[in-house]
Amino acid sequence: MKVCSSLTITKTRMTIIHNPSTPLHLSQDLAVAIGMFDGVHLGHRALIERVKDVAKARHCPAALITYDNHPSLALRPNEPTPLIYTSNQRLSLLEQFGVDYILLFTFNHSFANQTAEQFLAHIKNICPFSYLNMGYDGRLGKNRSGDEEHLKTLSKRFNFILEYMPAYSLDNEKVSSTAIRDLIRAGDLNNASALLGRPYSIAGHVITGKKLGRTIGFPTANLLVHNIVTPPPGVWAVDVIWEGHKRQAVANLGVAPTVNTLRELLLEVHIPHYDGDLYGKVLEVVFKRYLRPEMRFDGLPHLQAQLKKDVHSAITEL
């Protein structure tokens, strides 16, 4: 995946352009879709494949326009919508679909105050497009005033084809990021995974911890969990994936009350019989099965005894 700050692009693979402000030097109009694509779920997949099909038929590049933060972070900073995936994990998933470009904007107050007309004029100036897909309920502009009727009028003014797709359903249930968040919060990861089209996971960089787990024979790789929706706290049987490796493991999602006084949500992963250095590496933690709630123990020996049971349960029953 290539992240590009230059405005003249030699395209070899998918190119991500952060907050473009001046015209890109493209030889063809684009086929584009606009959305948050949080979760990159089955509905998003169908939308992206539609844009790619249109691009192929029109012999032009396919592009996605999205945001590096959820709009609610700017509009409701005290109660932002938690994301299903971090921005990096979402972009990694989008890369797999083989679009040509992603225009990644920071959604701030200035951005939010644009009218739909101003936004489309800006996009048209940066990267001329001849086809726009808004999904099934997409809106643009300040206060989401750019609804389908208004965008139809603007499509004539700006000379592009506008398409809205029907909502994507699975087993008569509409697939949406909201539904997936609710399932994750409830711990129903089987149904969340079905709507996502892949096993539910959390990915992030391993940070340096207190290294207390190492002193009792259970070293952990620690990931901070910020601004994303999470399943119920507790101990989980998981798979861990990094740099082509995949290992069964056990993870604690919570605040580690026995040894931690900071009360900051943390994902601690213990990979049995692994003693390599994972600091700074990106781990994907795939949640498989809930084992037990998070508990506070009367001292490290009791914690150590329970961790042995957790590892046995996670590894032998997966």
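**Aromatic pairs and a pocket**

Let's start with a group of rings: Tyr67, Phe105, Phe107, Phe111 and Phe119 form one aromatic cluster. The model is predicted, so local features need pLDDT of at least 70 and side-chain atom pairs count only at pLDDT 80 or more, while totals for chains, interfaces and linings use all residues. Residues are numbered from 1 along each chain as its sequence is written, and side-chain values use heavy atoms, with hydrogens and water left out.

The structure holds 11 aromatic pairs, where rings of Phe, Tyr and Trp (its six-membered ring) pair if their centres lie within 6.5 Å; planes under 30 degrees apart count as stacked, over 60 as edge-to-face and the rest as tilted. One of these pairs joins tyrosine 67 and phenylalanine 107: with centres 5.3 Å apart and planes at 85°, the pair is edge-to-face. Tyrosine 67 belongs to strand S4 (residues 62-67) and phenylalanine 107 to the loop between strand S5 (101-105) and H4, so this contact ties together parts that are 40 residues apart in sequence. Helices (H or I, at least four residues) and strands (E, at least two) are DSSP runs, numbered from the N terminus. Tyrosine 67 is buried, at 8% relative accessible area, and phenylalanine 107 counts as buried at 12%; buried means under 20% relative accessible area, exposed over 50%, partly exposed in between (1.4 Å probe, protein chains only).

Now turn to tyrosine 200 and phenylalanine 287. Their ring centres are 5.5 Å apart and their planes stand at 50°, so the pair is tilted. Here too distant parts of the chain are linked: tyrosine 200 is in the loop between helix H8 (189-196) and strand S10 (201-205), and phenylalanine 287 is in strand S15 (residues 282-292), 87 residues apart. Tyrosine 200 counts as buried at 0% relative accessibility, and phenylalanine 287 counts as buried at 6%.

Finally, look at the largest pocket, with a volume of about 1200 Å³. On a 1 Å grid over the protein atoms alone, a pocket is an open set of points where a 1.4 Å probe fits, with protein on both sides within 12 Å along at least five of seven lines; lining residues have an atom within 4 Å of a point. Of its 45 lining residues, the closest to the centre are Gly35, Met36, Asp137, Gly138 and Arg144. Helices H1 (42-58), H2 (71-75), H4 (109-112) and H7 (177-185) each give two or more residues to this lining, and H1 gives the most, with four.

Note on methods: Grid points are joined across faces, edges and corners, and a volume is the space filled by probe spheres set on the points.
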